[in-house]
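Please open the model in your viewer and keep the selection panel at hand.

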Amino acid sequence: MFQISGKKINTNIYFFLLIILPLMDSLNGLINGGGNENGLSLGIIYRIVIVIVSFSYWLLYGVDRKYLLYFLFVLFYLTISALRSSLFLFSYLVLMFKMILPIIIIITLKILYENNIFNKKSITDILNIWQFLFPLTLLIAYVLGIGFATYSSNATNLSVDSSVGFKGLYYAQNDISYVMDILYYYSLKKLLKRKNIVNIIGYFLSLSSVLLLGLKSGYILVIIITIFMFIQQLKKKRELISSFFFLLFVIVGFIFSFSIFSNDISKVVDRWQYFYQNRTSFFSFLTSMRSDRIVPINNWVNSVYGLIGILFGTGYNYAHISGSIVPEIVEMDLIDIYFQIGIIGIILIYGFYFRIYFQNSKTSFYSNAFVLTILISTFNGHVFETALSGVFFAIICSGLFIKED
């Protein structure tokens with residue numbers, strides 16, 4: 001009896017730590033003025049607590065030997081990479097911590113699942129709560145007039161100015177944009193399954209948040225996700241009428257959201273027009289010049305490190321070829337991980353996630369969200385190596401292997 005009670009208490013602790021993610025990151029932004037991402041901030045302390053609790057589960061319930069060996073090897077590999085990185089050492093250590101954090105959470109959730117103390121309902125409950133908490137933390141800040149513009153020349157000012165877009169109290173717009181994109185897909189899928197007031201509100205909250213953020217990738221993904229869901233509905237012969245009602249509802253939703261944030265969206269479009277006229281190519285515009293950084297950095301890595309750089313990466317050394325006093329990464333996860341820890345590192349990190357996907361791949365929200373995550377991380381970055389996106393992605397991956405009861 002005592003052991004069973006202990007399991008329930010421990011599970012509730014971990015569940016609580018996960019669901020307060022948007023609250024902790026918003027509070028972290030409020031305390032630190034939207035900065036200090038690489039310092040010993042509230043956000044980092046919060047995630048250290050998650051790691052400590054995770055390791056306590058490993059000790060309490062035991063961890064599969066193959067997962068433990070994998071984790072220790074990755075930890076050793078990333079430590080060696082940090083030692084080889086002569087520049088931005090502390091920032092790089094924080095980055096490596098963020099990279100390994102979702103792996104720790106996934107292994108922990110697998111342990112809890114295998115011990116019958118974490119199930120599909122637990123994952124669903126987390127997403128259902130996040131579906132409202134994430135948009136509300138952004139929209140409430142917008143209404144209160146506190147927070148940060150998505151693109152601003154005055155990032156330390158806690159009052160909303162005339163800059164473009166709005167990201168609430170979150171530090172990085174790409175992180176929260178990834179979360180909102182997946183939550184938009186989740187809310188739309190829930191709405192199609194059950195048309196009630198709660199799901200309608202959830203849908204409008206996620207759509208409004210994506211539009212308010214003002215990122216190209218967010219707008220493009222909302223359109224792609226909506227078209228994808230509409231086509232999926234059309235494939236169901238019995239859902240033909242429902243499909244057109246769905247499309248009509250989405251159109252009304254877009255018109256309603258655009259009317260509320262018309263001034264903000266107008267500034268976003270103006271910004272796109274300005275940068276489109278100053279880009280070398282359309283692909284450069286779409287990737288916000290990320291693609292322009294790949295060739296010069298790759299040439300530098302090949303000339304300075306050669307085969308060693310290709311296989312094992314350069315740590316954070318590649319982020320200084322421009323001479324900047326702060327790390328300047330490509331911001332495309334696959335490319336950055338290649339420059340940081342090489343081909344072997346890519347196999348180690350991506351192999352872990354794709355093994356989970358291929359072993360549990362099926363047509364579901366989680367499998368589609370996984371694919372969508374890989375696409376976002378590849379072209380827009382800020383998933384595999386950021387604290388907010390990493391925790392969110394861990395839940396998506398856990399939804400793949402945690403089966404229905």
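What is the accessible surface of the chain, and what percentage of it belongs to carbon and sulfur atoms? In this predicted model, the accessible surface comes to about 18,500 Å², and 69% of that belongs to carbon and sulfur atoms.

**The whole chain.** Select all residues and colour by secondary structure. The chain contains 17 helices and zero strands. Of its 405 residues, 54% count as buried. Among contacts in the chain with a separation of 6 or more, 75% are accounted for by residues 24 or more positions apart.

**Helices α7 and α9.** Next, select residues 173-193, which form helix α7, and residues 216-234, which form helix α9. Two packed helices are described by the angle between their axes and the distance between the axes. For this pair, the axes come within 10 Å and cross at roughly 20°. The helices α7 and α9 are therefore roughly parallel to each other, as angles under 35 degrees are counted. Their crossing is right-handed. To display the contact, show S177, D181, Y184, Y185, L188, K189 and L192 on α7, together with S217, G218, L221, V222, I225, T226, F228, M229 and Q233 on α9. By class, this contact of α7 with α9 has nine nonpolar, five polar and two charged residues.

**Helices α7 and α17.** The crossing of α7 and α17 is left-handed, whereas that of α7 and α9 is right-handed. On the α7 side, display D175, I176, Y178, V179, I182 and L183; they meet L388, S389, F392, F393 and I396 in α17. The contact of α7 with α17 comprises, by class, nine nonpolar, one polar and one charged residues.

**Residue A141.** Finally, move to helix α6, residues 120-144, and select A141 within it. Is A141 buried or exposed? A141 has a relative accessible area of 3%, and because buried means under 20%, A141 is buried. Which residues does A141 touch, leaving aside those up to four places away in sequence? Select L136, I146, F166 and G168 to see them.

Technical notes:
Residues are numbered from 1 along each chain as its sequence is written. This is a predicted model: local features need pLDDT of at least 70, side-chain atom pairs count only at pLDDT 80 or more; totals for chains, interfaces and linings use all residues. Side-chain values use heavy atoms; hydrogens and water are left out. Axes are lines fitted to C-alpha atoms, for helices over the stretch in contact, and angles run from 0 to 180 degrees between N-to-C directions. Helices (H or I, at least four residues) and strands (E, at least two) are DSSP runs, numbered from the N terminus. Angles under 35 degrees count as roughly parallel, over 145 as roughly antiparallel, 65 to 115 as roughly perpendicular and the rest as oblique. A crossing is left-handed if the near helix is turned anticlockwise from the far one by less than a right angle, and right-handed if clockwise. Contact means heavy atoms within 4.5 Å. Ala, Val, Leu, Ile, Met, Phe, Trp, Tyr, Cys and Pro count as nonpolar, Asp, Glu, Lys and Arg as charged, and the others, Gly among them, as polar. Buried means under 20% relative accessible area, exposed over 50%, partly exposed in between (1.4 Å probe, protein chains only). Accessible areas come from the Shrake-Rupley method with a 1.4 Å probe; for residues, only the protein chains shown count as cover.
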